[in-house]
Amino acid sequence: MSATKLLEELGRAYEPGAVEQRWYKFWNDNGYFQPRGDGEPYVIVMPPPNVTGELHMGHALFVTVEDIMIRHHRMKGRRALWLPGADHAGIAGQWVIERQIAEEGLTRHDLGREGFLERVWEWMDRYQMRIREQLTSLGASCDWSRYRFTMDPGPARAVRTVFKQLYDEGLIYRGERLISWCPRCNTALSDLEVIHRDITGSIWELIYPLEKGSGTITVATTRPETMLADTAVAVHPDDERYREMVGKYIALPIIGRRIPIIADEAVDPEFGTGALKVTPAHDHNDFDMGIRHGLDRISVMNYDGTMNANAGEFAGQTSEDARRNVVAWFKEHDLLGEVKPYTHSVGTCERCETVVEPLMSTQWFVNMKPLAEPAAEIARSGELRFVPERFTGVYLNWMDNIQDWCISRQLWWGHRIPVWYCQDCDHQFASVEETVDRCEACGSSALRQDEDVLDTWFSSGLWPFSMLGWPDETDDLKTYYPGHVMETGHDIIFFWVARMVFFGLKFMEEKPFHTVYLHGIVRDANGDRMSKTKGNVLDPVEITNKYGTDALRFTLITASGPGTDLKLAEERVEANRNFANKIYNLTKFVLSALESAEIAHDANGDIAEPDVAAMSLVDRWIVTGLHQTVERVSRQMGAYQFHEAGRTLYEFMWSEFADWYVEAAKVRLRGESVDPVVPQTLAYVLERSLRLLHPFMPYVTEELWQRLPQDGEALIVADWPAAGTTYADDFEKFEAIKEATRLVRNARAEHSVDPGRQIAALVYPGALYEAYEAVQREFRFLTRIDNEQFELLNGDPTAPDESTISIVSGGASIYLPMAGLVDIGAERERLGRELDEARQEVGRANGMLGNEQFVSKAPDHVVQQQRDRLANAEQRVELLQRRLDELVAAG
């Protein structure tokens, strides 16, 4: 197809809405999202979004980062596999349906377990497609043929298999422990599901009489209602105030229970009165203290947050009512001391934000020490790497201080615990089978399955191998386990990352990935968390509809580096929409330049690099810049510095290619005798640049790449560019001319010269004479210098008169005669400022070269760059000083 025809198909501006769905369908229909070829596998497992969740900017960020990784490695020839899925969401999933049926005046108990689960499955089946649509809207190039749901039969069998093995090995056990309980969700929570928030409440001093009227001891508490379950009062063994009381007994008010005064080093003498009420059944620290001292555990609270029979006269009251009434009793009996305002941390449910209660409960636990030790060791040895590296310490700190994991939840939705109880012989056993008909011990059919379900993170922890078919030895499992990078938020290192690691080591005998890349949190423009209550939420669907997916992706990835929270403003997305338009218009210009050109191709059918003998100085400059950009971006991508890679591409494509080379190239595209190397260079640089940009902005790059005269199948599977030859000397020469051009433009603007006005110029290039001579047409065009009033001179620079603007750059002196336009005083000030800048540059370069460590350790080319910089700065100082002296002498 001719360039003219292609140009006709391209509208005035880029319209992403007309492009994105078409290219996504093209990629998916042609199987490009599936692993291709025989290269080494490269695998990423998608963090499975909750089916209950709405698409938010956190999803947009993880899709962007992971899609960049997978597209990059696909282009590098790897068998790239991005495994998508969705999570059943446990508590959140059940809560959605409970709220739904509550609108019908029903509870889950009205429906029964089976009826309730039918409603959940109907909802999940419907909304799983919604998750897929949300992910595809962001350009996620994952293999949808391998999509999995955590409750699918395969992953469910993997869960039962893991549970049974750990159970048979004694690593899963059932026991009574103090756990965190959510009265609203009516289930146990793991420690990680408890979010601690600071609240302002009160601290009450309660006076406890000693036995036989021998005195009193005053305790301080934030939860007076739990005193009904006290089984001791503890003091620090070195606290002189209470030394004589240790070993004595208290008659616990209201209840009358006889409890001891004990000494324990865990007591903080500075907190409250220094005497601590000990309630082993309602406080985690007290629970541990109770074990050390053999104290009873008395629970006074029901699972719904009300007081039980052990609370005596307060039984049946809510905990809040009991608190008020207990305080009132102490006041009535003159046993209430001071009451003070107090800010303290309270545990709340991660899902519903209800204050959790520490309660004694019989639950299922995983013995974590044997699993955590090898998972910690691979991080210490460097086998498992974290990006950023600082999170290695965070991970190890948790692993080294890990507690047993409470895995049972009192819910109906989720993986039901595969433990069966025989009603005839009391045998208890775990099974891999979904249904069991006979007791394995006595053969009885009188069996009952455990009512609880597993913590959602139990099944999620198996995700890297369960979604590949484990426990079966599938081809996918053999080929694609272990994976390579786990990309996720730093807030779920413990919830998910750690569990995937120890489960992978235990059941696959190999870590599930070698690198953990952690992204930050997307915040609003002011750095605040986005929330509906604040009204500062940016909806990714609305943003992509308005500005396009590419603009949002590029904004998210360039806003911050790994592990760092980012600030997102709509204006930045709009700016990157303009970047997409810039590339679009750049391509239109290139296509117009190719209209009658013959473009050469290499042996692979790719647009060939221009012949070095045919290239001009400016051509070699842009080709060198391209090859340097390929090398730099490839290095940054390999180091997971995707934000820097995106910024590098932006700078090269907008500033170097579009603003400099394209403008300079227009000189040789004029008239009938077009220099054929210019279209070749334009096509080559644009085509390779689109390849580099494709992982970041897949839609606009595919749309434009397909218009170029190349023989490739699709950009998504095109080869990643290789860094070619660089022409360092020519690159530096044109960089010097570029700087001179910038200074001429600045001088014109400072002296209010009309942009369209042609001016005169005398140029003394010094050592760059041949370079200026080679690009004098481009230089004149870019600086708006009159062809007839341009002189390129050898010899010592000499200004025509005092009304001349003087510019010194890269050893060249440029004089712009501006009779009648130049304020001599202002010109002296300008030259003085430039002289100060040049002297500062001399000082910086001398400082670097005077540093023995820098000179001895830095690469030779880096040291030489500093020497060249010093020589250029010293020459500039000399020339500026000379011109300044001339103006001063002229008065």
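Helices (H or I, at least four residues) and strands (E, at least two) are DSSP runs, numbered from the N terminus. The views below show a predicted model, in which local features need pLDDT of at least 70 and side-chain atom pairs count only at pLDDT 80 or more, while totals for chains, interfaces and linings use all residues. Residues are numbered from 1 along each chain as its sequence is written, and side-chain values use heavy atoms, with hydrogens and water left out.

**View 1. The four-stranded sheet β27-β26-β29-β28.** This open sheet has mixed pairing, where two strands pair if DSSP finds at least two bridges between them. β27 (785-792) and β28 (804-809) each have a single partner strand, so one side of each has no neighbour in the sheet. From one strand to the next the twist averages 20°. Angles here run from 0 to 180 degrees between N-to-C directions, and axes are lines fitted to C-alpha atoms, for helices over the stretch in contact. β28 and strand β29 (residues 812-817) run antiparallel and are joined by six bridges; S806 stands opposite Y815 in β29. Helix α22 (residues 728-750) lies across β26 (759-764), β28 and β29, at about 155° to β28. Helix α24 lies across β26, β27 and β29, at about 130° to β27.

**View 2. The packing of helices α19 and α24.** Two packed helices are described by the angle between their axes and the distance between the axes. For α19 (residues 642-669) and α24 (residues 776-783) the angle is about 115° and the axes are 9 Å apart. α19 passes α24 in a right-handed crossing; a crossing is right-handed if the near helix is turned clockwise from the far one by less than a right angle, and left-handed if anticlockwise. On the α19 side the contact holds W660, E663, A664, K666, V667 and R668, which meet R777, E778, F781 and L782 in α24. These residues divide into five nonpolar, no polar and five charged. Ala, Val, Leu, Ile, Met, Phe, Trp, Tyr, Cys and Pro count as nonpolar, Asp, Glu, Lys and Arg as charged, and the others, Gly among them, as polar.

**View 3. The three-stranded sheet β19-β18-β20.** The strands of this open sheet pair in the antiparallel sense. The edge strands, each pairing on one side only, are β19 (428-430) and β20 (447-449). The twist averages 30° from one strand to the next. Strand β18 (residues 419-422) is joined to β19 by three bridges, and W420 has F429 in β19 as its bridge partner. Helix α6 (residues 153-168) lies across β18 and β19 and runs at about 130° to β19.

View 4. Strands of a sheet pair through backbone hydrogen bonds, either parallel or antiparallel. β7 (residues 194-209) runs antiparallel to β13 (residues 336-349), with twelve bridges between them; the partner of W204 in β13 is V339. β7 also pairs in the antiparallel sense with β8 (residues 216-221), over six bridges, and there L206 is partnered by V219. β7 and β8 form a hairpin with six residues between them, and K212 in the turn has a positive phi of about 65°.

View 5. Most residues other than glycine have a negative phi, and most peptide bonds are trans. The peptide bond from W470 to P471 is cis, with omega near 20°, and P471 is in the loop between α12 (463-466) and α13 (475-480). Y481 and P482 are also joined by a cis peptide bond, with omega about 0°; P482 is in the loop between α13 and β22 (485-489). A89, which is not a glycine, has a positive phi of about 75° and is in the loop between β3 (85-86) and α4 (90-102).

How values were computed. Contact = heavy atoms within 4.5 Å.
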